[in-house]
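This report sets out selected features of the structure shown below. It turns to charged side-chain pairs, then to the nonpolar core and the pairing of strands.

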Amino acid sequence: MEPLVSIIVPCHNSAKFITATLNSIVAQDYPSWELIIIDDQSTDDTSTIVEKFARKYSNVQFIPLQKNMGVSNARNLGMTKASGKYIAFLDSDDIWLENKLSRQVAYMEDKKLAMTFCAYNRINEDGVTISGVTPAPFSVGYEQLLSHNMIIFSTSMVLKSVIGNLEFSPAGHEDWIFFLQLFKKCKLGYGINEPLALYRIRKDSLSSNKLKAVVKTWKILRESEKLGLVKSLYHFSKYAVLTILKRLR
């Protein structure tokens with residue numbers, strides 16, 4: 001039997017995009033999955049859409065929260081509910097191609113890997129592709145990740161036993177911090193250089209606020225990872241250059 005994949009989708013005011021996200025999960029050609037959707041007290045129609053969707057499928061668990069606690073809390077809760085061998089993360093506005101899970105599970109099972117990710121295309125709020133393929137490197141380690149988080153969270157899949165008691169931090173760039181901590185345990189993540197996901201760029205997303213992103217990046221290097229000034233400046237400079245090159249792609 002195929003190993004079970006636990007898919008964790010936190011959502012908050014995602015009514016405009018959540019249907020496409022959920023449909024991309026159902027369309028997967030990999031049959032062995034469970035879906036855990038945590039609604040972080042949305043004030044739009046997200047909860048209604050998700051609840052209706054969850055009633056259709058026995059392998060979908062919907063958890064509506066009574067208080068808005070942020071994406072880190074939602075992901076942490078989702079991980080406590082996960083029973084799969086692997087955990088796959090998907091943001092509520094991103095989309096998977098139909099062979100995303102099957103391709104990653106096959107690769108991880110064959111090579112006995114703890115973590116994988118994949119290439120992707122960027123789309124806008126209307127679902128229109130706005131970039132070429134952003135490739136995935138063969139592998140990424142802790143030192144590489146310090147300079148630039150080249151892993152889009154919705155492309156990642158991790159062996160649950162490796163995650164262990166690791167949790168998401170409430171600080172900004174929580175996905176980046178999570179991967180940095182994860183790679184201290186599993187050393188490397190391996191890329192599948194095929195575009196298996198669509199990453200949506202939103203005008204109101206945190207990642208679109210460049211100044212906030214710069215400040216949070218510096219705090220990660222200095223406060224979260226506790227790097228010295230010289231090493232922080234080195235990785236921060238690389239981060240700036242790589243970010244510019246990425247936007248020009």
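The side chains of D110 and K111 meet in a salt bridge, with N and O 3.8 Å apart; a salt bridge is a side-chain nitrogen of Lys or Arg within 4 Å of a carboxyl oxygen of Asp or Glu. D110 is exposed, with a relative accessible area of 55%. Buried stands for under 20% relative accessible area, exposed for over 50%, and partly exposed for values in between, computed with a 1.4 Å probe on protein chains only.

The model is predicted: local features need pLDDT of at least 70 and side-chain atom pairs count only at pLDDT 80 or more, while totals for chains, interfaces and linings use all residues. Residues are numbered from 1 along each chain as its sequence is written, and side-chain values use heavy atoms, with hydrogens and water left out.

Over the whole structure, a search finds 7 salt bridges.

| D91 | R75 | 2.8 Å |

The salt bridge between D91 and R75 links distant parts of the chain: D91 is in the loop between β4 (86-89) and β5 (95-96), whereas R75 is in helix α3 (residues 71-81), 16 residues apart. Helices (H or I, at least four residues) and strands (E, at least two) are DSSP runs, numbered from the N terminus. D91 counts as partly exposed at 21% relative accessibility, and R75 as buried at 3%.

D93 lies in the loop between β4 and β5 and R202 in the loop between β9 (188-200) and α8 (210-224), so the pair ties together parts that are 109 residues apart in sequence. Both D93 and R202 are buried. Salt bridges with shared partners also join R75, D91 and E174 into one network.

Besides R75, the buried residues of α3 include S72, A74, N76, G78 and M79. Among the elements that cover the buried residues of α3 are β1 (5-11), β2 (33-39), β4, α6 (160-163) and α7.

The largest nonpolar core has 71 residues, of which I7, L35 and L182 touch the most other members. Such a core is a set of buried Ala, Val, Leu, Ile, Met, Phe, Trp, Tyr and Cys residues joined through side-chain atoms within 4.5 Å. Helix α7 (residues 174-186) gives the most to this core, with 8 residues. Leaving aside neighbours within four places in sequence, L182 is in contact (heavy atoms within 4.5 Å) with M115, V158, V162, I163, L166 and K187.

Which strands pair with β9? Two strands pair if DSSP finds at least two bridges between them. Strand β5 runs antiparallel to β9 and is joined to it by 2 bridges, and W96 stands opposite A197 in β9. Strand β6 (residues 115-123) pairs with β9 in the parallel sense over 8 bridges; there, the bridge partner of A119 is P195. Strand β7 (residues 139-141) pairs with β9 in the antiparallel sense over 3 bridges, and G141 stands opposite L188 in β9.

Finally, the count of disulfides is 0, a disulfide being a pair of cysteine sulfur atoms within 2.5 Å. C11 is buried, with a relative accessible area of 2%, and C186 counts as buried at 16% relative accessibility.
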